[in-house]
Amino acid sequence: MTLDAKIALILILLGGFLCRATFSLPGARFDRLGPAFFPRVVSIILVALSVFLALDSLRSNKKDDVRMREEGPKAEYSMILFLMVLLCLYVLFLKRLGYLVTTSLFLIVSMLVLNPESKRFLPKVVLLSLAIATGIHVVFGRFLGVMLP
């Protein structure tokens with residue numbers, strides 16, 4: 001059994017468990033869908049995609065190639081560590097600086113770290129980061145009524 005097939009089996013079981021758990025959520029009071037609708041849909045999608053992954057891995061019938069893993073690209077551990085520290089700083093400063101400022105700074109630094117060539121397009125990176133942070137704030141804060149820090 002390939003690694004993909006094993007992961008697909010675990011995800012199918014997890015999706016089934018989560019779907020079953022949604023039936024224990026309370027029913028709808030104010031709307032037709034109720035609180036169980038979205039988790040149920042996500043768990044069904046998880047199961048469906050996992051079935052496709054399992055079928056694809058069984059159809060290809062390839063064993064894990066150890067040489068491929070050994071010759072693959074080296075992980076950028078310093079970049080991963082830096083992004084983890086950046087995420088911790090994001091959480092630390094979120095309440096102090098507010099959502100828009102902290103999220104915009106986080107996105108700018110993340111984009112510059114993940115793609116060093118984006119320094120040439122710094123104004124675009126800044127505008128894109130501001131647009132993403134503002135868009136999320138408008139959608140969740142205004143339309144959905146979710147309080148953001």
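Colleague: How many of the residues of the protein count as buried?

Modeller: Buried means under 20% relative accessible area, exposed over 50%, and partly exposed in between, with a 1.4 Å probe and protein chains only. Of the 149 residues of the protein, 19% are buried by that rule. The accessible surface, from the Shrake-Rupley method with a 1.4 Å probe and only the protein chains shown as cover for residues, is about 11900 Å², and 72% of that surface belongs to carbon and sulfur atoms.

Colleague: On what conventions do these values rest?

Modeller: This is a predicted model, in which local features need pLDDT of at least 70 and side-chain atom pairs count only at pLDDT 80 or more, whereas totals for chains, interfaces and linings use all residues. Residues are numbered from 1 along each chain as its sequence is written, and side-chain values use heavy atoms, with hydrogens and water left out.

Colleague: Where is confidence lowest, and where is it highest?

Modeller: The term pLDDT denotes the predictor's confidence in each residue, from 0 to 100. Where pLDDT is low, the predicted coordinates should not be read in detail. Here the mean over the protein is 83, and 88% of the residues reach 70 or more. Helix H3 (residues 66-71) has the lowest confidence, with a mean of 45, while helix H5 (residues 99-114) has the highest, at 92. Over residues 64-72 pLDDT stays under 50, and the model has three contacts beyond four places in sequence for them; a contact means heavy atoms within 4.5 Å.

Colleague: Which elements make up the protein?

Modeller: Helices (H or I, at least four residues) and strands (E, at least two) are DSSP runs, numbered from the N terminus. The protein has six helices and zero strands. Among contacts with a separation of 6 or more, 57% are between residues 24 or more positions apart.

Colleague: How many aromatic pairs are there?

Modeller: A pair of aromatic rings is described by the distance of the centres and the angle of the planes. Rings of Phe, Tyr and Trp (its six-membered ring) pair if their centres lie within 6.5 Å; planes under 30 degrees apart count as stacked, over 60 as edge-to-face and the rest as tilted. The count here is one aromatic pair. The rings of tyrosine 90 and phenylalanine 106 have centres 4.9 Å apart and planes at 40°, so the pair is tilted. Because tyrosine 90 lies in helix H4 (residues 77-97) and phenylalanine 106 in helix H5, the pair ties together parts that are 16 residues apart in sequence. Tyrosine 90 is buried, at 16% relative accessible area.

Colleague: What does the side chain of threonine 102 reach?

Modeller: A polar contact is a pair of N or O atoms within 3.5 Å; within protein, one must be able to donate a hydrogen and the other to accept it, and residues adjacent in sequence count only if both atoms are side-chain atoms. Threonine 102, in helix H5, reaches the backbone oxygen of glycine 98 with its side chain at 2.7 Å. Threonine 102 is buried, at 6% relative accessibility. Beyond its neighbours within four places in sequence, threonine 102 is in contact with Tyr90, Phe93, Leu94 and Leu97.

Colleague: Is serine 110 buried or exposed?

Modeller: Serine 110 is buried, with 8% relative accessibility. Its place is in helix H5, and its side chain reaches the backbone oxygen of phenylalanine 106 at 2.7 Å. Leaving aside neighbours within four places in sequence, serine 110 is in contact with Leu83 and Leu86.
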